[in-house]
Amino acid sequence: MSSYGNSFNTLTILPTSFPIRNVAEAIIPLLVSLPMWINFYTGIAKYNDFLQARTWRQQDPNFHEEFDFIVVGGGSSGSVVANRLSEHNTVLLLELGGNPIPLARLGLSYYALQRVPGLDLLYETVPQKNAALAMHNQVVFYPRGTGLGGSSNLNAMIYQRGNPKDYDNWANITEDPAWSYSNVLPYFKKLEDYHGVFPSDKFHGKGGPIHVEKVKYSLMEKYFLDAAKEKGYQIKDPTANQTIGFSPNEVTMKDGLRWDTYNGYIKPIESRKNLKIYRYSRVIKVHLDKNRHAYGVTFFRHGHYRFVKAKKEIILSAGAIDTPKILMLSGIGPMDHLNSLDLKCLLDLPVGQNLQDHTMTLFGPILVDTPESLLFSRALNLRSVFDFATMRSGPVATTTQGAIGFVSSSVRKDDNWPDIQITHVSLGIISGLTEFYEHLFNVKSEIYKKYIQDENENVRSEVDANILGISLQRPKGRGYVKLASRDPFVPPLIQPNYLSHPDDVRALVEGMKIALDIFENTTVYRRINARLIKPFPGCEETIFKSDAYYECFLRQITTTIYHPVGTAAMGKDVNDKRAVVDSKLRVLNTSGLRVIDASIMPVIPNGNTNIPSIMIGEVGSDFIINHWKNQFEVSNLPTHLMYPEHDIVSTQNLILAE
């Protein structure tokens, strides 16, 4: 074995003659039946919640509760908002799902939990014209987490912030310096409990709700980073002043277990008297009065429609797909679209437009002649189970993604603001890889089987390899989210328009070439004979490893990296035709209604979006808290005694908006 290999630091007392030496063989039947067991578990949880909700007041159709704030969605942003606002206000958190299941804590679990009803909303795009050619019906699966913690329960836990220029750009777009990097950096530090590779008091925080650490167990990470250094790239912190460079992968985990926003923000305060959580609640619409003040919400829970009032504000934190859906169902959105569905348009705003995502292609497999990649038949055994149980390390704790690099293409030409992310995935060609890709990414199994055949036309299985996720960080293409129906139970139409802009294609092609150059033209990888497998089916007419071939490949294998943003974008003011909310995240021309989630990003940040979404939750919470503190500074005590606070704010906001 190479000196780069990982060895198990395990006690030698383990019985090597145990009847089931290969745990992978033992868990195959479990994995096949996993959706059934998850449905059974979530079904029991939902029924228990139903029993707890069956009080006489909850059953009374004339009983209407009232809270200071209503937060819609308990995901990466909504969990933050519910936590911060409930310190001194009454808050109702409406969440479509329940608590995250215990299995979600495992590092490898995100591969297993996507496309499982009850955990994933099972969204998918409309058929793509220019991409996803190897997918069934040219449709891309679009995972969205449901349950407290939202998509932070399903993601790969990669810890990224983005580039300082991303946030300075937001500040320029909104003409509000509150969104500059220097002003959001304290919020990034506030949310962190950093135990990563690059400790720095200037850039990282301690003691915050979200625990950050290096992946406890990674395979072949050292190969990748040493090869990058050989090519002249620096190993540096990508979450500080990001420039081109490579780094070990840091994750939102604690002691080898997932650390999502449920564990960070909700679980510690679930018993707080000011906070009430209604799980399994689907929001139907937000109600606005004749003055466009948001005063209440209708939601569906356990077979009943219910209405609840907000004394101060309603905050939508349902994510970049469901927040625009709720706004449009409430009559806020493009007038032509709403009219086409016989929905009354109360406010004509570009809701659902400006959808952005980090388009990704799964490049490879790149074969290697060393037994060090992740193969379940080799990695999952009694020793790996023991390592995880005793030290929270070993293959069970891995996320398979050990290192990340950021590089610049000629499209953007800015080494201080790179536009390509390269994610090193140590997963080899495992048994059942084609079915795995079909389940997770909708790739046609017959095409991928042909792709991974060897010279004798046998499908490769349990062969060492690496995969590279090549993702576009600063796309020029834009998509949209629209309603498919006025029925709130029908999933929306998602059109990301992948690879519709020629510059996006060119940047990704260059990213693929840079990544392959690291593998094929460094002494580190030459020692283990790293080589790209063979031409992809359907691309045989192009010259292998030419620009035309790379473009063909990425149009065949196109997927999301699960980072939709921008569908309720913030802007300067009501005169900004691209804006849905202002820089304080208030829906334009309304009062008492804000959006606090990834929807408000005017431009997608350069990196994974979970941490920026949490930051937005922190910033937005402070906007609200400071706003209501200031109400006592702009009027005297008799005014407050005569008029409710929310009436004063409604009037002030409407004057400002108009």
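Is cysteine 539 buried or exposed, and at what relative accessibility? In the predicted model, cysteine 539 has a relative accessibility of 1% and therefore counts as buried, the limit for that class being under 20%.

Cysteine 539 takes part in a disulfide with cysteine 552, in which the two sulfur atoms lie 2.1 Å apart. The link between cysteine 539 and cysteine 552 is left-handed, with an angle of -90 degrees about the S-S bond. The two partners are 13 residues apart and connect distant parts of the chain. Cysteine 539 belongs to the loop between β24 (531-532) and α18 (547-556), whereas cysteine 552 is located in helix α18 itself. Cysteine 552 is likewise assigned to the buried class, because its relative accessible area of 15% falls under the 20% limit. A further cysteine, at position 345, also counts as buried, at 17% relative accessibility.

The model also includes an open sheet built from three strands, arranged in the order β17-β22-β23 with antiparallel pairing. Strands β17 (353-355) and β23 (493-495) form the edges, each of them pairing on one side only. Averaged over the sheet and with direction ignored, neighbouring strands are turned by 35 degrees against each other. The pairing of β22, which comprises residues 479-482, with β23 is antiparallel and extends over three bridges. Across this pair of strands, tyrosine 480 stands opposite glutamine 495, the latter in β23. Helix α10, formed by residues 319-329, lies across both β22 and β23. The direction of helix α10 is at about 50 degrees to that of β22.

Another strand, β14, spans residues 304-316 and includes arginine 306. The relative accessibility of arginine 306 is 11%, which means that this residue is classed as buried under the 20% limit. The side chain of arginine 306 is joined to that of glutamate 65 by a polar contact of 3.2 Å. Thus described, arginine 306 is a buried residue with a side-chain polar partner in glutamate 65.

Terms used. Residues numbered from 1 in each chain as written. Predicted model: local features only at pLDDT ≥ 70, side-chain atom pairs only at ≥ 80, totals over all residues. Heavy atoms only, no water. Helix = DSSP H or I, 4+ residues; strand = E, 2+ residues; numbered from the N terminus. Buried < 20%, exposed > 50% of the residue type's maximum accessible area, 1.4 Å probe, protein only. Polar contact = N/O pair within 3.5 Å; in protein donor to acceptor, adjacent residues only side chain to side chain. Pairing = 2+ DSSP bridges. Axes fitted to C-alpha atoms, helices over the stretch in contact; angles between N-to-C directions. Contact = heavy atoms within 4.5 Å. Disulfide = S-S within 2.5 Å.
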